[in-house]
Amino acid sequence: MTKLSVNINKIATIRNARGGNTPNLVQMALDAERFGAQGITVHPRPDERHIRYQDVYDLKPVLKTEFNIEGNPKEQKFVDLVLDTKPAQVTLVPDGGNQITSDHGWDTIAHKDYLTDIIATFKKAGIRTSIFVDPNLKMVEGAKATGTDRIELYTEEFARLYSSQKETIIKPFAECAKLATQLGLGINAGHDLSLENLAYFKNNVENLLEVSIGHALISDALYFGFENTIQLYLRQLKS
């Protein structure tokens, strides 16, 4: 079964736009779990423009499902946060401070030594590790050499070309998933997955363990309601 992890960054963005605590981020996370989400994802950035570091400390003791923290481990503050809170999973993303959102995966060959060291640090603390990678067989092979537990396939290109080239664009993702399985790596996926494209992706990428979805899901919730939207996404993963 493919798990749905709800990324709550956009909820924090709405809260921060006005100050105060509306919407209540912790309550929304708990509601997401109650409505069926099997995990909660946050991606704190150095400027704390959405998720604040304090949010992570507030969420950790109350969540009952899998807690996944994404971020760039080259920020020591991020490393310290993860080691202090010990989530179920840390997802390593090579984003820069000025990026609006993540836009590429790791070059797992060029950064092999660095990734190997930081992954060992997290795994020693009992935290499952995942590396954000583009759908490239060489990058999957490189990920295996770092000692990571999982990869997260970066799905922006799939989502962008889905409506016009879905049968072509799914191929590299399916091939990378097949290789990852052969290498003993778990497979996650995320970025711009939506109600439109999720079922097709899941049904064509073998052994998909988890998807992390935020922007599209929160946007859909404005129309369909939060509980109903989570159920709609879960239905896509079961179809």
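Mentor: Two strands pair if DSSP finds at least two bridges between them. Helices (H or I, at least four residues) and strands (E, at least two) are DSSP runs, numbered from the N terminus. This is a predicted model, in which local features need pLDDT of at least 70, side-chain atom pairs count only at pLDDT 80 or more, and totals for chains, interfaces and linings use all residues. Residues are numbered from 1 along each chain as its sequence is written, and side-chain values use heavy atoms, with hydrogens and water left out.

Trainee: What makes β1 and β8 a pair?

Mentor: β1 and β8 are joined by 4 bridges in the parallel sense, against the required at least two. Ser 5 stands opposite Ser 212 in β8. Strand β7 (residues 186–190) also runs parallel to β8, with 4 bridges; there, Ile 187 has Leu 208 of β8 as its bridge partner.

Trainee: Why is Leu 222 called exposed?

Mentor: Exposed means over 50% relative accessible area, buried under 20%, and partly exposed in between (1.4 Å probe, protein chains only). Leu 222 has 71% relative accessibility and therefore counts as exposed. Leu 222 belongs to helix α9 (residues 215–224).

Trainee: How do you know on which side of α1 the buried residues lie?

Mentor: In helix α1 (residues 9–18), the buried residues are Asn 9, Ile 11, Ala 12 and Arg 15. They cover an arc of only 155° around the axis, so they lie on the same side of α1; the arc is that of the directions from the helix axis to the C-beta atoms. Ala 17 and Arg 18, on the other side of α1, are exposed.
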